[in-house]
Amino acid sequence: MIGAFVSENERETAEEFFELWKTPWEYARPECRYPALLVTTEASPPKLPSADLTIVFGSNRHQLDERIGAQFLDAPEEKVIQGPTSRFPIFRSLRCFSLGDSQTCELSAGRSCAAFVTETAEGKVLRIGYDLFEEVRYLLEEGQPETLALVPTLDLHIDFLRRQLEQNEIEFPEVPPKPAGFEFICCLTHDIDFAGLRRHRFDHTMAGFLVRATLGSLSRYRRGRINLQEAVQNWKTAFKVPLILASRVPDPWQSFRDYLAAESGIPSTFFILPFQGGSERVPANEKASFRRASPYAAGELKSDLAQCMTNGCEVALHGMDAWSDADLGKLEKEEIEKVTGRRIPGARMHWLYFERSTPKTLEEAGFEWDSTLGYNGAVGYRSGTSQVFRLPGTRNLLELPLHIQDTALFYRDRMDLGPAEAADLCDRLIENARNFGGVLTVNWHDRSLAPERQWGSFYRELLQRLKESGAWFATADQAVSWFRQRRSIDLKGVETIPATC
């Protein structure tokens, strides 16, 4: 049993942290002795609970510091922590320490010590110079910048504490974030932004397609981004546009059939726009753009969606205004429910629009989960984790984080990677998923198997690697439901080393 001594304003974050690290814990009682005690506030009682291992977090001075001989130094210029097995950033305050003779460094920051361990008469003390729950709150509310996208920072915080307990031979049961018999969960998702080239007769989308399919394909071939066969297919498709518009040849952007064939029985989630047209609502740091309009209405895809659901796939909302207005979110949700004849519990916002108020807005609109938090320009961990989590300020809404997005990998104005480089990055995320569990969420857009993007062969190879990695393939709602069930497990009755009071 872990005792946690935290301040009142840290309680929401602490409770979410221990939902992610599913191990027995309680708010510490001063009269008890614990196998492990986690202290994150300097506003402690005159006498802290005793413990075999006391872990004290904080960049400010603590009442224990004088007793254990903590000598403070300023934070290094680069706030990056290096441990025996991992390296991760610190986003809030950090203080380092000058080591005494009886102190051993556990974490370093540059050439300084960011955490040391020492022995006392009451037990071992590990002093760490950053504020754990401030870091967790920052990751869940603000998120990491794209430059640090590949670091599963929150998962590494949990892993560091887990290793400390193991190193000190403290037994602790844990419900791992992976289904029995599998290494991790994988969600295949598709944002349906266009639903057909034939809808774009004389607009900017058609003009852009023709330029990219002709001159753009030549440039991409020369840079090794597509092979000659793919370039030739793009050129042929460009010359067939009049026949496509006249319905004389198949529309290459009719993607539902292609995804059902490529995934061959694997369930996936299709995010569908509700209404045709645009919206002037944008987050404060964005500008309105005609590119963000929807060229179709969900009702036009009714037969395609029915076929997808018959094959075990899921339909969810690709929200236009739900991120900012609960009433509009309800209308969008109801439209997808009317078209599909099914309850729609989840959403992902078009263009990944999201603000701090969005979780509460989505919850008020009746959604049970969201899958917006990811990057448009990178792949990785915006919230520092591969786990489904509850966003601050909500009661029931869970967030399924987005990790790998095709446009982030391959667009020239984003990461602009070749196939080999993109495969290496995806393999890093797969390996992290195998190590830490959780869910790996992939987003491949509706146009991405077709000309002119030609990202289908990469997607099929990625699917094969995921199959070989021990993933359980689930729809977004299935993955969220699994994590919701894990979160509901009560560990208070689990036999463990108890606190002695």
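At what angle do helix α13 and helix α14 pack, and how far apart are their axes? In this predicted model, local features need pLDDT of at least 70 and side-chain atom pairs count only at pLDDT 80 or more, whereas totals for chains, interfaces and linings use all residues. Residues are numbered from 1 along each chain as its sequence is written, and side-chain values use heavy atoms, with hydrogens and water left out.

Helix α13 (residues 419–436) packs with helix α14 (residues 456–468) at an angle of about 30°, and their axes are 11 Å apart; axes are lines fitted to C-alpha atoms, for helices over the stretch in contact, and angles run from 0 to 180 degrees between N-to-C directions. Helices (H or I, at least four residues) and strands (E, at least two) are DSSP runs, numbered from the N terminus. The two helices α13 and α14 are therefore roughly parallel to each other, a term that applies to angles under 35 degrees. The crossing in which α13 passes α14 is right-handed, that is, the near helix is turned clockwise from the far one by less than a right angle.

On the α13 side, Pro-419, Ala-422, Ala-423, Cys-426, Asp-427 and Ile-430 meet Phe-458, Leu-462, Arg-465 and Leu-466 of α14, contact being defined as heavy atoms within 4.5 Å. By class, this contact of α13 with α14 comprises 8 nonpolar, no polar and 2 charged residues.

Phe-458 and Leu-466 are also among the residues with the most contacts inside the largest nonpolar core, which has 62 residues; such a core is a set of buried Ala, Val, Leu, Ile, Met, Phe, Trp, Tyr and Cys residues joined through side-chain atoms within 4.5 Å. Helix α13 gives the most to this core, with 7 residues. Apart from it lies another core, of 47 residues, including Phe-88, Phe-133, Leu-156 and Leu-161.

Two individual residues were also examined. Cys-113 lies in strand β10 (residues 112–119) and, at 5% relative accessibility, counts as buried, where buried means under 20% relative accessible area, exposed over 50% and partly exposed in between (1.4 Å probe, protein chains only). Leaving aside residues up to four places away in sequence, Cys-113 touches Cys-96, Phe-97, Leu-99, Cys-105, Leu-107 and Ser-108.

Lys-178, found in the loop between α4 (153–167) and β12 (184–192), counts as partly exposed at 23% relative accessibility. Although Lys-178 and Trp-482 are 304 residues apart in sequence, their C-alpha atoms are 9.2 Å apart in space, and Trp-482 is one of the residues that Lys-178 touches, together with Glu-183, Phe-184, Arg-434 and Gly-437, not counting residues up to four places away in sequence.

How values were computed. Angles under 35 degrees count as roughly parallel, over 145 as roughly antiparallel, 65 to 115 as roughly perpendicular and the rest as oblique. Ala, Val, Leu, Ile, Met, Phe, Trp, Tyr, Cys and Pro count as nonpolar, Asp, Glu, Lys and Arg as charged, and the others, Gly among them, as polar.
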